[in-house]
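Take a walk through this fold, one packing contact at a time. Keep the structure open as you read.

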Amino acid sequence: MSKLQPARGTRDIYGDEARGMRAVVDTFQRVAGSYGFEELATPIFEFTEVYKRPLGETSDIVSKEMYSFESSARESGDKEAEQLTLRPEFTAGVCRAFISNGMQQHLPCRFMSWGPAFRRERPQKGRYRQFHQINAELLGQDAPEADVDIIAMAWRLLRELGLGDKVVLHLNTLGDKESRAAYRNALVDYFGAHRDQLSEDSLRRLESNPLRILDSKDDADKALVAGAPLMSDCMNEDSKAFFEAVKTGLETIGVPYRHDERLVRGMDYYCHTAFEFITTELGAQGTVLAGGRYDGLVEQLGGPPTPGIGWAGGIERLAMLSGAGTSTLRPVIIMPMGDVAMQKAFEVAETLRAANHTVLTDRSGNLKKRLNRANKSNARFAVIIGDNEVTEGVAALKDLDTGTQNDVKFEQLVTIISSATGETS
Ligand code: ATP
Ligand code: MG
């Protein structure tokens with residue numbers, strides 16, 4: 001039997017990578033919190049309908065990437081079978097939750113979420129079938145200043161992750177409904193005249209959503225796209241003014257951006273602002289964080305008309321780019337050297353943990369071996385307890401940075417270790 005492996009495109013996450021990903025989420029929670037965002041955790045699976053309509057039948061996600069399944073009525077004890085889908089992205093589920101919980105009474109709403117998402121894609125570095133996102137949504141504000149706020153938040157996060165000079169903000173507008181319709185017509189004319197050169201996927205998109213051809217990853221399509229009409233030629237005055245206001249706001253707070261006329265987002269529900277933070281350091285997987293405005297989405301899901309804007313960041317890509325998280329743990333190692341000491345060690349360890357120290361107990365081997373292991377593990381102190389010392393009420397405290405060793409009364413261990421490590425309890 002070959003070695004047991006996880007399913008294709010899924011991975012076990014541990015060690016430096018787990019620490020790096022944790023750091024991304026921790027920083028996100030702190031930064032988003034400073035913008036007034038609150039946690040919303042939606043289920044990892046939803047009714048398939050939640051994703052199908054909003055994202056669009058011809059989107060990559062709906063047409064080929066979703067993990068959908070039927071939960072049979074008989075086996076689950078439900079009345080009817082349910083069509084369910086593992087979360088491929090957060091926005092649609094967040095809007096569903098907004099509607100389900102009647103949150104329109106409390107606008108504006110600011111939600112932060114994080115966790116796994118699932119897409120059946122061809123796995124490669126930085127592209128997985130189970131991956132993880134941080135996600136922010138702002139509902140109930142239709143003014144361009146909201147777009148500035150949410151991009152500013154992304155930019156602050158990226159800088160705090162040390163990525164300020166590794167990513168470039170690509171910014172575009174998709175305009176309002178009217179402008180998009182005009183642009184759609186221009187694209188149908190243009191691509192319609194080059195039908196024979198379009199990929200099969202894009203030929204289908206030509207009927208349903210020609211804008212999406214601009215997002216195609218097919219090389220022949222890409223060549224055609226280079227000569228396609230520009231959104232900016234089809235924008236009405238309102239849409240132009242909206243975009244100008246977004247750009248002005250970004251300039252005011254000093255967020256550098258590049259107007260990228262070819263940037264469209266892969267999903268149906270976007271309007272006005274679309275943006276991506278892109279790096280050149282991750283090959284083809286260069287988009288680390290992306291988002292945009294989706295004013296029609298809540299309504300499309302059956303809720304009251306509610307404007308929205310948000311973004312999602314790929315945690316794996318952000319962690320990869322900001323460098324692995326090395327362990328900063330400096331444990332205290334307890335070394336009981338006899339049967340009586342073995343019991344005393346439990347007590348000493350618990351007392352130190354209660355004072356916020358990381359504590360491990362090494363119970364095997366001679367003292368030399370244990371001290372060697374302690375040094376290799378980046379431990380800060382060793383607390384050596386012999387049976388005799390228990391009777392005398394002292395332990396030997398060895399400072400592993402300086403090598404000095406002193407007898408210390410048990411009652412004083414916490415105070416001495418805490419003052420040396422700066423830990424307050
Ligand atoms: P791409 O163009 O790379 O396929 P996307 O447009 O499909 O990205 P979004 O739906 O905008 O991506 O998701 C937001 C972010 O989530 C992406 O910018 C990326 O960092 C991350 N992401 C998306 N798909 C994957 C995946 N399969 N594996 C790892 N990260 C992903
Ligand atoms: Mg994709």
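Helix 1 and helix 12 lie roughly perpendicular to each other, because angles from 65 to 115 degrees count as such and theirs is about 110 degrees. This is a predicted model. Helix 1 covers residues 15-34, and helix 12 covers residues 315-322. Their axes are 9 Å apart.

Which residues of helix 1 and helix 12 meet? From helix 1 come G20, M21, V24 and V25. From helix 12 come I315, E316, L318 and A319. Sorted by class, this contact has six nonpolar residues, one polar and one charged.

Helix 6 spans residues 144-160, and helix 10 spans residues 237-252. They pack at an angle of about 40 degrees. The crossing of helix 6 with helix 10 is right-handed.

The residues that meet here can be listed side by side. Helix 6 brings P144, D147, V148 and I151. Helix 10 answers with F242, A245, V246, G249 and L250. By class, the contact of helix 6 with helix 10 has seven nonpolar residues, one polar and one charged.

How many strands form it, and in what order? Three strands form an open sheet, ordered 2-4-3, with antiparallel pairing. Strand 2 (45-47) and strand 3 (68-71) stand at the edges. Each has a single partner strand, so one side of each is left without a neighbour in the sheet. Neighbouring strands are turned against each other by 40 degrees on average, direction ignored.

Look at one pairing in detail. Strand 4 covers residues 82-86 and pairs with strand 2 over three bridges, in the antiparallel sense. F45 has L86 in strand 4 as its bridge partner. Helix 2 (residues 48-55) packs on the sheet. It touches strand 2, strand 3 and strand 4. The direction of helix 2 makes about 75 degrees with that of strand 2.

Finally, step back to the domains. The protein is divided into domain 1 and domain 2. Domain 1 is written in two segments, 15-176 and 236-322. Domain 2 runs over 332-421. Taken over C-alpha atoms, the centres of domain 1 and domain 2 are separated by 48 Å.

Methods:
Residues numbered from 1 in each chain as written. Chains lettered and ligands numbered in written order. Predicted model: local features only at pLDDT ≥ 70, side-chain atom pairs only at ≥ 80, totals over all residues. Heavy atoms only, no water. Pairing = 2+ DSSP bridges. Helix = DSSP H or I, 4+ residues; strand = E, 2+ residues; numbered from the N terminus. Axes fitted to C-alpha atoms, helices over the stretch in contact; angles between N-to-C directions. Contact = heavy atoms within 4.5 Å. Parallel < 35°, antiparallel > 145°, perpendicular 65-115°, else oblique. Nonpolar A, V, L, I, M, F, W, Y, C, P; charged D, E, K, R; others polar. Domains from an automatic or database assignment. Left-handed = near helix turned anticlockwise from the far one by under 90°.
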